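Okay, thanks for coming, everyone. Let me put the sequence and the model up, and then I'll talk you through what I'd look at.

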Amino acid sequence: MQPTQIFKCLSDETRLKCLLLLVDRSSLCVCELQEVLNLSQPKVSRHLAELRNCGLVVDERRGRWMHYRLHPALPAWVLKTLRSVKAEHRQYIETYESRINELLACEA
């Protein structure tokens with residue numbers, strides 16, 4: 001996993017938001033990300049596939065939906081970078097964090 005490849009993956013706003021939403025969660029479904037980001041399912045799936053190809057996330061099929069989580073072998077510096085961005089720029093992701101928390105609360 002080369003730093004340039006990782007930063008290219010992080011340079012897209014949708015991919016970055018997906019990763020930041022996954023930082024504190026065990027996994028999220030494509031449908032949940034689609035709802036929270038207000039994007040089409042094909043667009044979200046395409047970005048998640050790119051993150052998977054970069055080695056940043058892994059996927060798992062559960063019924064008809066794909067669930068994604070951060071790659072368990074993610075280098076520590078990448079996880080530290082994502083957590084730092086999330087902590088230092090809360091306003092960037094807070095709307096989406098609120099939406100995902102509400103959505104997950106309704107599903108429970």
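Let's start with His47, which counts as buried at 6% relative accessibility. Buried here means under 20% relative accessible area, exposed means over 50%, and partly exposed is in between, with a 1.4 Å probe and protein chains only. Before I go on, the housekeeping: this is a predicted model, where local features need pLDDT of at least 70 and side-chain atom pairs count only at pLDDT 80 or more, while totals for chains, interfaces and linings use all residues. Residues are numbered from 1 along each chain as its sequence is written, and side-chain values use heavy atoms, with hydrogens and water left out.

Back to the histidine. His47 sits in helix 4; helices (H or I, at least four residues) and strands (E, at least two) are DSSP runs, numbered from the N terminus. What does His47 touch, leaving aside its neighbours within four places in sequence? Asp12, Thr14 and Arg15, where contact means heavy atoms within 4.5 Å. Take Thr14 from that list: Thr14 belongs to helix 2 and is buried as well, at 12%. With the neighbours within four places again set aside, Thr14 contacts Leu37 and Leu39 as well as His47.

Now zoom out. The protein chain has six helices and three strands, and along the sequence they run α-α-β-α-α-β-β-α-α. The radius of gyration is 13 Å, close to the 13 Å from the globule rule for 108 residues, so the chain is as compact as a globular protein of that length. For the record, that radius is taken over C-alpha atoms, and the rule is 2.2 Å times the number of residues to the power 0.38. The C-alpha trace spans about 35 × 30 × 20 Å along its principal axes. Of the contacts with a separation of 6 or more, 62% are between residues 24 or more positions apart. And 41% of the 108 residues count as buried.

So, what's inside? The largest nonpolar core has 30 residues; such a core is a set of buried Ala, Val, Leu, Ile, Met, Phe, Trp, Tyr and Cys residues joined through side-chain atoms within 4.5 Å. The members touching the most others are leucines: Leu19, Leu21, Leu48, Leu51, Leu56, Leu70 and Leu82. Helices 1 to 6 and strand 3 each supply at least two residues of this core, and helix 2 gives the largest share, six. Take Leu48: not counting residues up to four places away, Leu48 touches Cys18, Val30, Leu33, Val57 and Tyr68.

On to the aromatics. How many aromatic pairs does a search of the whole structure find? One. Rings of Phe, Tyr and Trp (its six-membered ring) pair if their centres lie within 6.5 Å; planes under 30 degrees apart are stacked, over 60 edge-to-face, and the rest tilted. Here the rings are those of Phe7 and Trp77, with centres 5.9 Å apart and planes at 35°, so the pair is tilted. Phe7 is in helix 1 and Trp77 in helix 5, so the pair ties together parts 70 residues apart in sequence. Phe7 is partly exposed at 45%, and Trp77 is partly exposed too, at 36%.

Last one: the charged end of Lys17 sits over the ring of Tyr92, 5.8 Å from its centre. The cut-offs there are NZ of Lys or CZ of Arg within 6 Å of the ring centre and within 35 degrees of the ring normal.
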